[in-house]
Structure formats: C-alpha cells, structure tokens
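Here is a friendly walk through a two-chain model, one element at a time. Keep the viewer open and follow along as we go.

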Amino acid sequence: MAAGPMKMRATLGSGFTDVRVLMSHPMETGQRKGPDGNLVPAHFIQNLTVKVNGKAVIEAQISQAVSRNPVFSFRLKGGAKGDRIEVSWLDNRGETNKTETAIA
Amino acid sequence: MRTVTFGAVLALTFAPAYAQDAKKEIQKYQQMITEGSPVELYELEGEDLWKKRQGPKNVSLEQCDLGMGPGRLKGAYAHLPRHFPDTDRVMDLEARLLHCMLTLQGRDLKEATKRVFGNADRPSEMEYLSAYIAGQSRGVPVSPGMEHPKERAAFELGRKLFFNRAGPWDFSCASCHGEEGKRIRMQDLPVLSTPQAARPVVATWPAYRVSNSQFKTMQWRINDCYRQMRMPEPTFVSEATIAMNMFLTVTGNSEPYRGPGTKR
C-alpha cells in the first residue's frame with residue numbers, strides 16, 4: 001500500500017476531544033532487504049501536524065520506529081462541536097497527505 | 001549432576017506460572033493491536049473497488065447479490081456461506097465476489113483469479129473487497145445457511161475434511177486443532193470443532209495481521225493451513241475450501257460479528 005487514504009475520527013468528551021487518525025504508509029526503515037537482496041530504500045513519515053481551526057496544536061517528529069499503516073490517537077483540551085481538525089504528514093521523500101474532519 | 005537436577009526442578013516449578021504470565025501479556029498485546037488497527041483503511045479502499053467500473057462490461061460490483069438482494073451489504077457477510085439458487089451452489093464471500101466479477105463485469109476466470117492473495121505492498125482486490133463487505137456486518141450475529149440440503153452437505157464435507165488425515169505428513173486440521181491446551185510457540189491453538197473455540201474465530205475473520213502488515217481473507221487462512229500441512233495447494237474457492245469454511249462458520253455461529261479483526 002503506497003501512501004494512500006487517511007481516516008480520522010474526532011469525538012467530543014467533557015472538556016476534551018479524542019482524536020484518532022489512521023494513515024496508510026509503507027514506513028520502510030531502509031534496513032530491510034527485498035526479494036532481490038538489495039536494501040529497500042527508506043520511506044517513512046517524518047513530520048506530523050495537527051491543526052485545530054487552522055492553528056497548529058501538535059507538531060510531531062516521528063521516525064522509522066513506527067510501524068506500517070500507523071494509527072495515532074491523542075486527547076486535546078477543550079474543543080467544540082464543529083471545530084475543524086486537520087492532520088497532515090510529510091515523509092522523507094517530500095510526499096505529503098492530509099485529512100480534515102469536524103469534531104462530532 | 002546436582003546442579004542439573006536443581007535446574008530441572010526449577011523449570012518444573014516456574015514453567016506454568018511463566019506460561020500464564022505470557023498468556024496475559026499476549027492478551028494485553030492483542031487488545032492494543034485491536035485499538036490501533038488499520039482495518040478501516042482497507043475498508044475505504046474496498047469501498048472504492050466495489051464502486052469502480054471494471055471488466056469488459058465496464059460496470060461496478062454494486063449490483064452484486066451477496067444473498068440479501070442486489071447491492072445490499074448490511075449483514076450480508078454474517079449470513080455466508082449459503083446456498084445461492086441462481087448458481088445452485090454453496091458459496092462463501094470470495095466465491096460470490098468472483099461469481100459477480102465473472103457475470104456482472106464479464107471478466108474471465110484467469111484474469112480475475114490471477115492475484116487473489118496479495119502482499120503488504122500490494123494487497124489484492126479480494127482482500128480490499130472482503131474488508132469492506134465484512135465491515136458491513138458488524139454487530140450482526142453470524143448465521144450461515146443451515147437449512148438447504150446442499151448447505152448441510154457442505155457442512156458434512158467440511159467436517160470430514162477437518163478430520164481427514166492426508167499428505168506427506170499424514171496431517172489433518174484436527175492434528176493441531178483437535179486437542180485442548182495445544183500451542184505453536186506461544187500461540188494457543190483453538191479446538192475448532194467446538195463452538196466455544198470456533199466462535200471468536202468466525203466472528204473476527206477476515207483480519208489484519210500486524211506481524212506482516214497484511215489483510216487476510218478466510219480463503220487464504222484455509223489455503224495457508226493446507227500449505228503448513230504440506231498438502232497440495234487447494235484451488236481458490238473450490239468446493240473443499242468452501243465446505244471447510246462452512247464447517248467452521250456453522251460450528252461457531254450465533255455470536256455477533258465484530259471484525260474485520262486484528263491478529264498478531
């Protein structure tokens with residue numbers, strides 16, 4: 001699965017918002033050998049950004065240690081129904097993807 | 001000599017406690033992977049494929065009848081395998097999907113079955129579609145067809161195959177899955193001929209396997225068990241593999257479907 005779809009859910013609790021985001025990405029470490037015996041080139045997400053209504057609230061730097069098709073979940077303080085949450089990533093090849101959802 | 005004896009006693013005393021702890025740790029791990037399962041991504045891709053126009057007739061699978069009427073997916077997977085009057089055959093999900101690819105989309109058998117089992121980099125069409133369709137049965141009790149004579153015959157054939165020893169190692173499914181308390185490394189082996197062991201299995205397949213990042217279908221599971229028994233490779237959606245699936249599903253029926261699952 002190459003860099004494909006993302007899926008996100010943001011649910012409001014009392015005084016907080018739980019966000020769960022799924023992303024498809026190969027997350028190749030660069031250490032693994034393919035069937036031809038050559039190293040599979042590294043391909044992994046480096047930066048993860050979470051924005052609430054356009055304002056960045058999380059800037060994460062992640063590495064090869066994260067598994068293929070990663071899932072992140074985190075709890076944000078506050079939040080209101082209808083707030084826009086945007087999650088985007090940037091990988092070491094400069095590829096990028098993002099998804100957006102409203103808090104439900 | 002004395003040291004050796006002492007070591008053996010130690011091992012005997014601590015082995016059961018250790019196995020218990022390891023079992024608990026595995027359960028914890030299984031819960032964690034379930035919470036972080038990327039299964040929904042496969043469902044999304046599957047939905048796109050379900051709606052994608054393909055084949056010589058350039059139509060999508062949306063009019064495919066999985067037993068609940070054309071295009072009706074809610075609860076369809078939970079009622080498979082079942083007998084279909086139009087083909088007069090007992091079919092499981094993959095058999096029916098293949099049937100729709102051949103009839104609705106006009107594709108040929110060789111092309112449609114060229115790549116039924118994918119890998120981590122490129123999952124197969126069958127795998128994506130299975131994820132999407134099985135996902136539409138969450139919460140619906142597993143209730144395969146059990147009335148029609150052909151459905152009963154499939155169950156009987158599956159039961160016979162389950163206990164049938166064959167191949168270079170003289171193995172049957174029951175060689176590994178026929179006795180309580182057996183395991184391979186740390187994996188407990190369910191006694192699949194009993195309802196209590198079969199229920200959690202049929203309620204969670206097809207499933208995503210974390211250890212190799214692949215989504216796997218029931219046909220693959222059966223196929224791979226035969227490979228492990230060193231039997232000749234079964235034909236995809238053959239009468240035998242469908243019968244085996246029928247035997248497992250009927251044995252483990254009645255629990256609400258909660259898949260597609262996540263396995264270690």
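Helix α9 (residues 218-228) of chain B packs against α10(B) at an angle of about 105°, and their axes are 10 Å apart. Helices here are DSSP runs of H or I with at least four residues, strands are runs of E with at least two, and both are numbered from the N terminus. The axes are lines fitted to C-alpha atoms, for helices over the stretch in contact, and the angles run from 0 to 180 degrees between N-to-C directions. α9(B) and α10(B) are therefore roughly perpendicular to each other; that label covers 65 to 115 degrees, while under 35 counts as roughly parallel, over 145 as roughly antiparallel and the rest as oblique.

Before going on, please note that this is a predicted model, in which local features need pLDDT of at least 70 and side-chain atom pairs count only at pLDDT 80 or more, whereas totals for chains, interfaces and linings use all residues. Residues are numbered from 1 along each chain as its sequence is written, and chains are lettered from A and ligands numbered from 1 in the order in which they are written.

Which residues bring α9(B) and α10(B) together? From α9(B) come B:Met218, B:Gln219, B:Ile222 and B:Asn223, and they meet B:Thr241, B:Met244 and B:Asn245 of α10(B). Contact means that the C-beta atoms of two residues, placed from the backbone, lie within 7 Å. By class, this contact has three nonpolar, four polar and no charged residues. Ala, Val, Leu, Ile, Met, Phe, Trp, Tyr, Cys and Pro count as nonpolar, Asp, Glu, Lys and Arg as charged, and the others, Gly among them, as polar.

Helix α10 (residues 239-251) of chain B also meets helix α8 (residues 195-202) of chain B, where the axes come within 7 Å and cross at roughly 110°. α8(B) and α10(B) are therefore roughly perpendicular to each other. On the α8(B) side the contact is made by B:Pro195, B:Ala198, B:Val201 and B:Val202, and on the α10(B) side by B:Leu248, B:Thr249 and B:Thr251. The classes in the contact of α8(B) with α10(B) are five nonpolar, two polar and no charged residues.

Now look for the sheet. Three strands of chain B form an open, mixed sheet in the order β6-β5-β7, where two strands pair if DSSP finds at least two bridges between them. At the edges lie β6 (214-216) and β7 (261-263) of chain B, each pairing on one side only. On average, neighbouring strands are turned by 30° against each other, direction ignored. Strand β5 (residues 207-209) of chain B runs parallel to β7(B), with three bridges joining them.

Stepping back, chain B has 10 helices and seven strands, while chain A has zero helices and seven strands. The C-alpha trace of chain A spans about 55 × 20 × 20 Å along its principal axes; chain B fills a box of roughly 80 × 40 × 35 Å. Of the 264 residues of chain B, 35% are buried, as are 22% of the 104 residues in chain A. A residue is buried if 20 or more other C-beta atoms lie within 10 Å of its own, exposed if 12 or fewer, and partly exposed in between, with C-beta atoms placed from the backbone.

Finally, where the chains touch, chain A gives 10 residues and chain B gives 10 residues. The chain A side divides into five nonpolar, three polar and two charged residues.
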